[in-house]
Amino acid sequence: MANQLLKEHVLFRHRDIKDIHKIDVYLAHDGYKALERGLKEMTPDDVTNVVKASGLRGRGGAGFPTGVKWSFIPKNLFPKYIVVNADESEPGTFKDREIMESNPHQFIEGVALCAYAVGAETCYIYGRGEFWSLFHGRMQEAIDEAYEKGYLGKNILDTDFSCDMYLHLGAGAYICGEETALLNSLEGLMGQPRSRPPFPAVAGLYAKPTVVNNVETLANVTPIVLHGADWYRQYGTEKSPGTKICSLSGRVNKPGNYEVPLGTPIRYLIEELGGGVIDGKQVKAILPAGASSSNMGADKIDTPMDYESMAAAGGMLGSASFIILDETIDAVWAAEKNVKFFKHESCGKCSPCREGTFWLTSVYRKLREGYGTKKDVELIETIINQMEGNCFCLLGEFVVPGVRTSLELFRHEYEELASEENEAAQPQKDLIHTFF
Amino acid sequence: MGWTEKEQQDLDKILKKYPPDRKLSAVLPALYLAQREKNWLDGDDIEAVANALGIETTHVHSIIGFYTLFRKEPVGKYMMQVCTDLPCALRGAEDFFKRLCERMDLGPHGGTTEDNLFTVEEVVCIAACDKAPCMQINLEFFESLTDEQIDEVVARLRAEAS
């Protein structure tokens with residue numbers, strides 16, 4: 001059983017230590033000691049190995065072991081790049097923003113350690129365009145401070161290691177959170193995904209070996225290098241070690257970010273940390289990974305929040321963005337919201353996603369505006385069946401579980417919107433013009 | 001448009017971030033720079049970006065079309081972008097958007113005010129779901145908003161503009 005109450009935050013140290021975003025305060029609390037230890041006492045492989053031993057898994061959603069990812073970088077190809085995915089665009093996710101706003105140095109230190117581990121000298125942090133003020137303010141200030149104190153730049157801490165770090169803003173495109181689309185965007189192209197292989201580890205930015213990691217992932221690297229893998233493994237479970245920031249939103253009294261050890265039950269997040277559901281209502285559904293996730297029914301509320309348990313319960317941990325629906329919420333409306341989001345964000349490259357999200361949006365609209373038939377409900381299933389497994393990248397695939405589980409759990413709500421009168425009476429031709 | 005001296009300095013700084021043979025990487029930052037003054041991009045701006053990076057204007061157009069934060073039509077001095085995605089909508093963002101439009105004498109889908117000061121539009125997630133209703137005004141966050149706060153902000157921006 002995971003220890004649910006953290007004595008001290010591992011990632012959100014700004015909640016324990018005031019003004020830790022300032023480098024002097026950060027330095028007074030073990031700041032940049034991990035980098036110093038890494039550069040002076042450890043080889044690059046040692047750094048990769050401690051991250052491997054810690055069991056840290058990528059926090060952007062996929063949960064791939066971070067140290068293993070780093071070890072895929074070929075040693076004899078130069079230059080290499082670190083690209084940080086700070087695109088954070090999944091509806092319901094707002095954790096990386098808080099890390100960068102409030103504890104930026106721990107993150108910057110983690111990026112530098114990653115660069116040292118794989119032999120990269122250039123790092124780009126790719127943030128969503130809406131992080132304009134953050135990237136022109138707090139984040140740039142923190143990077144400037146790190147340069148001034150000699151933790152970035154040439155010959156860091158009088159070693160042979162040099163590392164430059166640059167901020168780069170996207171401009172409003174959810175697809176750029178997909179790592180290969182992000183790389184295309186950073187190269188100045190439209191942010192559409194690339195086919196894999198080759199994987200970014202071999203041919204990433206400018207076709208050079210590239211590590212792409214999420215902000216939260218790299219913020220974990222700093223304490224892992226400083227305190228060691230065993231220390232890190234005191235939190236979480238065997239297969240999902242460490243702590244995780246959960247973004248809690250929707251119909252709860254205290255929405256917000258909460259850092260908990262992996263394996264903490266969802267109930268604890270909603271009831272203890274989130275102050276329960278608004279007006280004491282019942283939970284209707286839990287979307288554990290933002291708009292991309294399946295709907296988990298209220299009976300899954302005791303599921304431990306780790307990668308394996310969430311998958312076994314029919315959900316996924318993803319980036320741990322828990323959107324809570326209560327009993328007053330119309331399930332069809334909620335599903336339509338997410339479908340519309342994906343239609344808006346589909347990059348247009350592949351037809352299953354481009355057309356699938358378009359048709360889903362139209363059918364949902366038809367149902368919700370009172371013109372639906374039973375055939376429309378079946379049509380929704382047909383569309384997601386044709387999308388599943390056929391989309392070029394995960395964006396299109398992400399649409400499927402939410403719609404499928406919404407239908408599974410709340411089919412009666414769909415059918416209530418589908419009337420037989422419509423079936424008999426509807427002037428099909430006009431409807432095509434109205435809805436499609 | 002040509003770049004002003006200050007803009008040229010900013011552009012040079014931007015270009016230093018990328019390898020010398022990878023100027024194309026600077027297309028998004030260069031577009032932000034070109035859009036900064038009047039909040040949208042005209043033909044001259046687009047040509048200036050293309051020239052600065054040594055690329056075709058067609059490519060610049062394709063980039064502007066792909067990303068939502070660039071605009072080729074005039075908009076208000078202040079872009080008010082309200083998130084109405086699911087997490088925000090669960091906390092009243094749709095009603096908030098409607099009330100905002102009414103307060104600004106706009107139709108239910110937003111638009112630009114008669115004095116061309118404000119453009120109000122619905123956008124997708126802006127990573128502030130716990131502080132709904134939320135919006136960005138020219139990319140600055142305004143969170144946990146009440147109608148009264150909106151009135152204050154609008155009055156302040158109106159005063160600033162006059």
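Predicted model: local features only at pLDDT ≥ 70, side-chain atom pairs only at ≥ 80, totals over all residues.
**Helix pair α3(A) and α6(A)**

- The crossing of α3(A) and α6(A) is left-handed.
- On the α3(A) side, the meeting residues are A:P44, A:V47 and A:T48.
- On the α6(A) side, they are A:L113, A:Y116 and A:A117.

**Nonpolar core**

- The largest nonpolar core has 179 residues.
- A:V83, A:V111 and A:C114 have the most contacts inside this core.
- Helix α6 (residues 104-118) of chain A gives the most to this core, with 10 residues.
- Beyond its neighbours within four places in sequence, A:C114 is in contact with A:W70, A:I82, A:V211, A:N213, A:L218 and A:V221.
- In soluble globular proteins, nonpolar side chains tend to be buried together.

**Helix pair α14(A) and α17(A)**

- Helix α14 (residues 331-345) and helix α17 (residues 394-416) of chain A have axes that come within 9 Å.
- These axes cross at roughly 165°.
- The two helices are therefore roughly antiparallel to each other, as the angle is over 145 degrees.
- α14(A) passes α17(A) in a left-handed crossing.
- α14(A) contributes A:A331, A:V332, A:A335, A:N338, A:V339, A:F342 and A:E345 to the contact.
- Their partners in α17(A) are A:L395, A:F398, A:V399, A:G402, A:V403, A:S406, A:F410, A:E413 and A:Y414.

**A proline within α17(A)**

- A:P401 sits in helix α17 of chain A.
- A:P401 counts as buried because it has 20 C-beta neighbours inside 10 Å.
- Leaving aside its neighbours within four places in sequence, A:P401 is in contact with A:S293 and A:S294.
- A:P401 and A:E178 are 223 residues apart along the chain, and 18 Å separates their C-alpha atoms.

**Contact between chains A and B**

- 39 residues of chain A are in contact with 33 residues of chain B.
- Five elements of chain A give two or more residues to the side that touches chain B: α7 (132-136), β3 (164-169), β5 (243-250), β9 (321-326) and α14.
- α14(A) gives the most to that side, with 6 residues.

**Layout of chain B**

- Chain B holds 7 helices and 5 strands.
- From the N terminus on, its elements run α-α-α-α-β-α-α-β-β-β-β-α.
- The chain is divided into domain 1 (5-66) and domain 2 (78-161).
- Taken over C-alpha atoms, the centres of domain 1 and domain 2 of chain B are 29 Å apart.
- Along the principal axes, the C-alpha atoms of chain B fill a box of roughly 50 × 35 × 25 Å.
- Of the 162 residues of chain B, 38% count as buried.
- Of the contacts in chain B with a separation of 6 or more, 55% come from residues 24 or more positions apart.

**Backbone features**

- Most residues other than glycine have a negative phi, and most peptide bonds are trans.
- The peptide bond from A:P197 to A:P198 is cis, with omega near 0°.
- A:P198 lies in the loop between α9 (179-186) and β4 (210-214) of chain A.
- A cis peptide bond also joins B:A132 and B:P133, with omega about -10°.
- B:P133 is in the loop between β3 (118-123) and β4 (135-137) of chain B.
- B:A127 is found in the loop between β3 and β4 of chain B too.
- Phi of B:A127 is near 65°, a positive value in a residue other than glycine.
- B:A127 is buried, with 27 other C-beta atoms within 10 Å.
- B:N116 has a positive phi, near 60°, and is not a glycine.
- B:N116 is placed in the loop between β2 (111-112) and β3 of chain B.
- B:N116 is partly exposed, with 13 other C-beta atoms within 10 Å.

Conventions:
Residues numbered from 1 in each chain as written. Chains lettered and ligands numbered in written order. Domains from an automatic or database assignment. Core = buried A, V, L, I, M, F, W, Y, C linked by C-beta atoms within 7 Å. Buried ≥ 20, exposed ≤ 12 C-beta atoms within 10 Å, placed from the backbone. Helix = DSSP H or I, 4+ residues; strand = E, 2+ residues; numbered from the N terminus. Contact = placed C-beta atoms within 7 Å. Axes fitted to C-alpha atoms, helices over the stretch in contact; angles between N-to-C directions. Parallel < 35°, antiparallel > 145°, perpendicular 65-115°, else oblique. Left-handed = near helix turned anticlockwise from the far one by under 90°.
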